[in-house]
Amino acid sequence: MLKPSLDDLIKSSIRSILKNKGRTILTSLGIIIGVTSVILLTSIGTGLKIYITEQFDSLGANTIFVAPGKIFDDNGGFSSSGGGAGRFISTSFSLEDISNLKRSLRGNTIVPVAVASADIKSPNANKSEVSIIGSTYQYGASSNNLPSAGNGRWFTKEEEDKKDAVVILGNTIANDLFPSGNALGKKIIIKSKNFRVIGILDAKGGSFGGPDVDQYAFTPIGIAFNLVGNQKVNQILIKTPNKDLVAETKLEVEKVMLKRFEEDAFTVFDSSQLLNSINSIIGILTIGLSGIAAISLVVGGIGIMNIMLVTVSERTKEIGLRKAIGAYPRAILIQFLIEAVILSCIGGFIGVLLGWLGSLAINNFFPAQVTLSSIAIAFGVSAIVGIIFGVAPARKASKLSPIEALRYE
Amino acid sequence: MIKSPSPKNSPVILELRDVVKTYTSGNTQFNALDGVSLQIRKGEFVSITGPSGSGKSTLMHIIGLLDNPTSGQVLLEEQDISHLNENEMAKVRNVTLGFVFQQFNLLPKTSSLENAMLPLLYSDVPKPAREGLAIEMLTKVGLDQKLKNTPAQLSGGQQQRVAIARALINDPKIILADEPTGNLDSKSGTEVMKLFHHLHEKEGRTIVLVTHDPELAQQANRVIIIKDGKVSTENK
């Protein structure tokens, strides 16, 4: 049987730690900072993943994209060169591809996307080089970008066919062009031509370097073709009737596209594939950053070792006394080890608390979410740090000769 | 000062047979104890005295089971304990000996009660019984009103009495007091010595008092004088 019993040891350790509250906090500071930063960074990584997953879910799991160039490498990550950045720019699709796809994939919605760039003027403001997305009457529904009730509508098939001068504005650009509000129904000028604003999109928020829908203007595809001066399609969106058909449809799309393009010249992918790639990158980044933050846990551990060595010197007489009255070496070893572990667990606890509060604060302007596993890991790591860096001082204490220790001044 | 009669026929608790303790420093060897033989009987009040450097402290360490002799035998109730390992020695110290030190050696910022209970942490005494025992011992030394006080709130004499309560708590076979009055004024010193006499006379405790002060040593009913690592005189 362990003597003293574990609860006696823990009680007396806590008591001796509380006798030096200021020192305890200072000693734990390294662990506190380390755990706080690990919790914060992992919470940001987790929050980011959840946010991006939600964004992709809003697109729908039954969406297939066809884009130029080779986007993914063979391992599912993003291709660094592969099929080539050159092709990424040079390849584009045409309306012929759209009709080929429509012919082979009946029952699916095929939406071409053409991107142009132009200056937009309103009576109140000028915006230069706005991205103008030209697409079909089905794009709004397919990409989950329909104006909400009261904010207008998407353009119709007739408007698309007649290349009517109608435009749907992203939320930010609408506010920029009409700072006093209510852009709906107003006139704007794109390349010296009048357009009518028929819809305004809800704010979607930035998407971390990716396309920001809030900054875009949407027109019938023929308008975008006219603005660019050619009929190049930059991306194709395909909606399958349900998500079980995605895999099979992707193969069919590839077959169609391969008739006109080389294998590396285009990529057919669905949202889950893109999501996995982005999430794996975020995962690696999170681990890397947390690893750097974890260095301060090691520094914190050294701080604990340092203060425990001081404690052992300070309490030499106590150790001598305990030995004289019957403490065997292992009892002393365990006592000081437990003190070190409790010291670092206090740091871990405060760190978890600060990290959690911090991530709540960050969550107001950036997605952040603390997971139970990150708390468990941070806490476990700080306990392990306590053990590793507590062993040396505890061994020193347990090896003191009682005679020398009692004589120590 | 009244001396209680020496219990000449009571059993021997601790016996040293031809104990030698050699310290080596570099090439020179030095015998701190050079063939010491002595017996301590149950219920005796023995003092060990001698000038500094006489080997008095080394003898105390051997009797206190804090150190092993280089040669010779130490018998505790006729059992040879001279070759026990560190853990076994700690166990024997815990149940057999009660230490009282010159410096009191109480844990700072810790109540009298907790200080008196300390040896029980390392013993087989069940937890619920511990506090009662500590209160009993502190009452015995006259500190039942100071259970919650920390050493800083106690006078030197009171601190030493807490230390005596701590020494008594495991019902030891021998109380080993090393200059117990060395840090006290004469009044508190006298009170502490009175307490030792009380424990000896009324409870039949075996007490070994180590002191350099010949006058104090004379209060015991047997004085062992150590000189140059040898027993020079035993006054009976």
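Mentor: One term to start with: helices are DSSP runs of at least four residues, strands are DSSP runs of at least two, and both are numbered from the N terminus. Also keep in mind that this is a predicted model.

Trainee: Thanks! Let me try it on a residue I clicked: where is Asp264(A) placed?
Mentor: Asp264(A) sits in a loop of chain A, with helix H9 (246-258) on one side and strand S9 (266-270) on the other.

Trainee: And why does Asp264(A) count as partly exposed?
Mentor: Asp264(A) counts as partly exposed because it has 14 C-beta neighbours inside 10 Å. A residue needs 20 or more to be buried, and 12 or fewer to be exposed.

Trainee: How far apart are Asp264(A) and Gly69(A), in sequence and in space?
Mentor: They are 195 residues apart in sequence, yet their C-alpha atoms are 6.1 Å apart in space.

Trainee: Let's zoom out. How many helices and strands are there in chain A?
Mentor: Chain A has 14 helices and nine strands.

Trainee: What radius of gyration does chain A have, next to a compact globule?
Mentor: Chain A has 32 Å, but a compact globule of 409 residues would have one near 22 Å. Along the principal axes, the C-alpha atoms of chain A fill a box of roughly 100 × 50 × 35 Å.

Trainee: Which domains is chain A divided into?
Mentor: Domain 1 covers 6-54 + 278-407, and domain 2 covers 92-260. The C-alpha centres of these two domains of chain A lie 54 Å apart.

Trainee: What is the mean pLDDT of chain A?
Mentor: The mean is 86, and 94% of the residues of chain A reach 70 or more. Watch residues 81-88 of chain A, though: the pLDDT there is below 50, and the stretch has 15 contacts in the model beyond near neighbours in sequence.

Trainee: Noted. Changing topic to chain B: why does its radius of gyration agree with a compact globule?
Mentor: A compact globule of 236 residues would have a radius of gyration near 18 Å, and chain B has 18 Å, so the two agree. The C-alpha box of chain B is roughly 50 × 40 × 40 Å along the principal axes, and its secondary structure comes to seven helices and 10 strands.

Trainee: What share of each chain is buried?
Mentor: In chain B, 44% of the 236 residues count as buried. In chain A, buried residues make up 42% of the 409.

Trainee: I'm looking at helix H5 of chain B now. Is it mostly covered or mostly uncovered?
Mentor: H5(B) is mostly covered, with 11 of its 13 residues buried. Among the buried ones are Gln158(B), Arg161(B), Ala165(B) and Leu168(B).

Trainee: What covers the buried residues of H5(B)?
Mentor: The cover includes strand S6 (97-100), helix H3 (112-117), helix H4 (127-140), strand S7 (174-178) and helix H6 (186-203) of chain B.

Trainee: Which residues have the most contacts inside the largest nonpolar core?
Mentor: They come from both chains: Phe336(A), Ala340(A), Ala116(B), Ala165(B), Leu176(B) and Val208(B), in a core of 111 residues. Helix H12 (residues 329-362) of chain A gives the most to this core, with 12 residues. Apart from it lies another core of 49 residues, including Leu101(A) and Phe155(A).

Trainee: What does Val208(B) touch?
Mentor: Leaving out residues up to four places away in sequence, Val208(B) touches Ile40(B), Val46(B), Ile48(B), Ile63(B), Ile174(B) and Leu176(B). In soluble globular proteins, nonpolar side chains tend to be buried together.

Trainee: Last topic, backbone angles. What is phi of Ser192(A) near?
Mentor: Phi of Ser192(A) is near 60°, a positive value in a residue other than glycine. Ser192(A) is in the loop between strand S5 (187-190) and strand S6 (193-200) of chain A. It counts as exposed because it has 8 C-beta neighbours inside 10 Å.

Trainee: And where does Glu77(B) lie?
Mentor: Glu77(B) lies in the loop between strand S4 (71-76) and strand S5 (79-80) of chain B. Phi of Glu77(B) is positive as well, near 45°. With 13 other C-beta atoms within 10 Å, Glu77(B) is partly exposed.

Notes
Residues numbered from 1 in each chain as written. Chains lettered and ligands numbered in written order. Predicted model: local features only at pLDDT ≥ 70, side-chain atom pairs only at ≥ 80, totals over all residues. Rg over C-alpha atoms; globule rule 2.2 N^0.38 Å. Contact = placed C-beta atoms within 7 Å. pLDDT = per-residue confidence, 0-100. Domains from an automatic or database assignment. Core = buried A, V, L, I, M, F, W, Y, C linked by C-beta atoms within 7 Å.
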